[in-house]
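Dear colleague,

Here is the structure I promised to hand over, with the sequence alongside. My notes on what was found in it follow below.

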Amino acid sequence: MKKNWYKMTLMTVALGAFTACSDDDNNIPEPPVTIPTETVGAYILNTGNWGGNDASIQYMDIEKGTISADLYASANGEALGDLGQDLCLYGSKLYTTVSGSSKVVIMDKNCKIIKNIPLTNSENQPVSPRYMTAVDGNVYFTAYDGTVSRLDTLSMNITGSVEVGDHPEALTNANGKLYINISGYGCGKNVAVVDLKTFTKIKDIEVVLNPYTQCITADDGYVYVVSNGNYAGDPKKPESEWIYQTMQRIDPQTDEVKNICPATYIANSGDKMYLLYAEFYLPNTHKAAIYDLKTGKESSFIDIASIPSPSSMDIDPITGDVYISNAPYGSTSDLMIYDKDGNFKKKLSAGYATAKVVFVTK
């Protein structure tokens with residue numbers, strides 16, 4: 001697993017990039033493709049405190065620059081649950097995985113529950129869902145029973161699952177396949193590949209140790225994976241055994257892997273990959289940078305010291321503004337907003353341990 005700037009990450013792991021999903025809600029018929037020109041708002045998922053039953057979803061009004069109270073609690077008269085893990089806007093619905101509460105929740109755009117799906121294994125034991133991706137009328141999500149499940153967005157039923165490996169985490173889709181980080185609870189070294197048409201696992205791809213929260217398809221069509229290594233700098237390990245956090249690129253045509261550069265969090269915008277990098281035991285590694293996917297050149301972005309406890313990074317697909325959450329353990333998060341060149345724009349207060357920002361465009 002990942003050991004990073006703040007302890008909340010470790011608690012979330014113990015139970016276990018912009019990415020609003022695309023705009024299709026079912027696969028028959030497909031709506032016409034429209035190109036959005038304006039960002040009107042953003043949903044903010046807050047993980048909450050471990051065991052606190054205080055995960056929440058807020059809404060940011062872009063024009064007013066304000067963040068609402070908990071939309072989910074207001075719409076449903078109850079808390080979302082324990083450890084909100086991932087959030088996906090797909091067509092007319094919102095989907096969220098609540099890891100500690102072992103459920104997937106389907107909501108309308110006002111966060112009113114449409115369907116609550118509790119998750120258990122064959123022995124009726126609770127299962128922790130993790131990350132999501134959506135394509136062709138289905139939402140796919142990983143879970144700590146070692147599976148990826150397929151949720152049909154029209155019937156809102158789970159229509160299948162496939163075994164992929166120990167502790168699957170972040171996933172993405174590219175070239176008719178799913179790519180799934182297999183963390184192995186810190187011991188994994190593979191990305192599993194699932195064919196979408198047959199919904200079967202077809203291979204494992206070896207990567208750097210401990211692929212975890214970051215697996216995205218960038219605008220260049222490649223899959224980018226971050227492996228979190230083995231806590232390089234740990235005084236209990238000799239330097240010769242340190243494995244650093246690393247961004248890797250997978251070609252979805254050939255499934256060949258290339259190591260690119262050190263990274264902890266990544267977010268993509270066009271031919272730029274925004275990076276946050278910090279080895280827990282090596283403070284001199286801490287930096288925020290922009291990596292040019294075409295030239296391979298790296299440039300500075302912001303002073304990472306201004307965000308000592310980052311927990312997420314997302315990019316507005318229209319403006320290119322970069323949203324980074326600063327989430328000190330036990331405190332509410334600050335949502336820091338920068339333009340694409342790193343100029344500070346605004347700081348807003350969000351909930352506990354902000355995990356994701358999902359943009360609403362028109």
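Strands, as the word is used here, are DSSP runs of E with at least two residues, numbered from the N terminus. Please keep in mind throughout that this is a predicted model.

With that numbering, T153 lies in the loop between strand 10 (147–152) and strand 11 (158–163). T153 is buried, at a relative accessible area of 0%, and its side chain comes to 2.9 Å from the backbone oxygen of G137.

Turning to the sheet, four strands make up an open sheet whose order is 3-2-1-28, with antiparallel pairing. Strand 3 (66–67) and strand 28 (354–361) are at its edges and have a single partner strand each, so one side of each of these strands is left without a neighbour in the sheet. Within the sheet, strand 1 (residues 39–46) pairs with strand 2 (residues 56–61) in the antiparallel sense over six bridges, and N46 has S56 in strand 2 as its bridge partner.

C261 is in no disulfide, and the nearest cysteine sulfur, which belongs to C215, is 16 Å away, whereas a disulfide would need the two sulfur atoms within 2.5 Å. Both cysteines count as buried because their relative accessible areas, 5% for C215 and 9% for C261, are under the 20% cut-off.

How values were computed:
Residues are numbered from 1 along each chain as its sequence is written. This is a predicted model: local features need pLDDT of at least 70, side-chain atom pairs count only at pLDDT 80 or more; totals for chains, interfaces and linings use all residues. Side-chain values use heavy atoms; hydrogens and water are left out. Two strands pair if DSSP finds at least two bridges between them. Buried means under 20% relative accessible area, exposed over 50%, partly exposed in between (1.4 Å probe, protein chains only). A polar contact is a pair of N or O atoms within 3.5 Å; within protein, one must be able to donate a hydrogen and the other to accept it, and residues adjacent in sequence count only if both atoms are side-chain atoms.
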